Amino acid sequence: MENLFRLADHDDFFSRRCIWVNGPVIVGAGPSGLATAACLREQGVPFVVLERAECIASLWQKRTYDRLKLHLPKQFCQLPKLPFPEDFPEYPTKRQFIEYLESYAKHFEINPQFNECVQSARYDETSGLWRVKTVSTAGSARNEVEYICRWLVVATGENAERVMPEIEGLSEFCGDVSHACEYKSGEKFTGKKVVVVGCGNSGMEVSLDLCNHNASPSMVVRSSVHVLPREIFGKSTFELAITMMKWLPLWLVDKLLLVLAWLILGNIEKYGLKRPSMGPLELKNEIGKTPVLDIGALEKIKSGDIKVVPGIKRFTRNQVELVNGQKLDVDSVVLATGYRSNVPSWLQEGEFFSKNGFPKAASPHSWKGNAGLYAVGFSRRGLSGASSDAMKIAQDIGNVWKAETKQQKKRTTACHRRCISQF
């Protein structure tokens, strides 16, 4: 690795602890990062997983509500090489999924470097290596580390940062304002009038949970939305769609799903839920917007327990004014406005990733870039898509690794004393 010496030409090389990683660096210890690490372990390739939080799957552990369950059957959500326990229900709970991920990490001996927040990652053209700079957030001391590696796997996912909308007057509103990532239960909202901004799966479930805790939710529906039953005639809607897509074109599967949804749910437009012109699967593929899988919210909407209201014009101290001129008294606001990728904030690269933090190439070509750069969990195909990406990445790196380790090493080059080869 004589190219490693060239790194010392840079001014900041001696200002931080430097670690040479004899394998890929994986940024993110969520399901995507864990799946990639497990597949690399099976290939015999060493790796380092960097995680900014103090636990694996921090989105699931810290930023999800208590009543959350997997929206899809467990066979479509399990990670590679290790299925869910047989005694788990078809739709595992949040706690069960976290237990599964923790046992998964233990089984494959995945030990992330916790509290390591990646500040920047860039490819060094001179050395042909990736330089990943991190800051440790553990304790009061600020520790900076630079990891040097041949391969970089971006596994921070589609939902790294919450999206906070700019709404006129929201900063002047006197009531409680929180994002859905901070929402745990409707218990503290009992008896209150709550505006839920957003009508995706989170918005629907938060509204349902509020309703079940005797709050009065008003759900803001600013645009069209596909609502499908979670199951059709006792079979998972997702599984039914996957089965039909083996034989039928996507547009026809969309048509059939909408007909079946109409038969089961009825005409939802009269309740203020207008369907998009594009079918649910096509919409998911094109822009990544996931259809809502109904688990009871629609019944509450039909009964009037959950009120559907149009877009917001502005907030005042204790009211919200809607675009139709209607004014509602409000005690609290929950912003179910989704999440976004944070890749542009730290990855210094412009060929593979676009400005929105997603790979420019659509699935199934979104997993591999140039110069040893990979992406996992950005295919807009949920956990099954992340698992597929992880297996491809591990196979790709593993092929190179195995070919090189078979070659006789003719010479070895000692690392500079400031570059500690620990991995």
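**A parallel sheet and a loop arginine**

Five strands make up an open sheet, ordered β9-β20-β10-β11-β16, with parallel pairing. At its edges are β9 (176-179) and β16 (307-309), each of which pairs on one side only. From one strand to the next, the twist averages 20°. Strands are DSSP runs of E with at least two residues, helices are runs of H or I with at least four, and both are numbered from the N terminus. Two strands pair if DSSP finds at least two bridges between them.

This is a predicted model, in which local features need pLDDT of at least 70 and side-chain atom pairs count only at pLDDT 80 or more, while totals for chains, interfaces and linings use all residues. Residues are numbered from 1 along each chain as its sequence is written, and side-chain values use heavy atoms, with hydrogens and water left out.

Within the sheet, β10 (residues 193-197) pairs with β20 (residues 332-335) in the parallel sense over four bridges. Val197 has Leu335 in β20 as its bridge partner. Helix α4 (residues 201-212) lies across β10, β11 (216-220) and β20, and runs at about 165° to β11. Such angles are taken between N-to-C directions, from 0 to 180 degrees, with axes fitted to C-alpha atoms, for helices over the stretch in contact (heavy atoms within 4.5 Å).

Arg52 sits in the loop between β3 (48-50) and α2 (58-62). Arg52 counts as partly exposed because its relative accessibility is 35%; buried means under 20% relative accessible area and exposed over 50%, with partly exposed in between (1.4 Å probe, protein chains only). The side chains of Arg52 and Glu161 are joined by a polar contact of 2.7 Å. A polar contact is a pair of N or O atoms within 3.5 Å; within protein, one must be able to donate a hydrogen and the other to accept it, and residues adjacent in sequence count only if both atoms are side-chain atoms.
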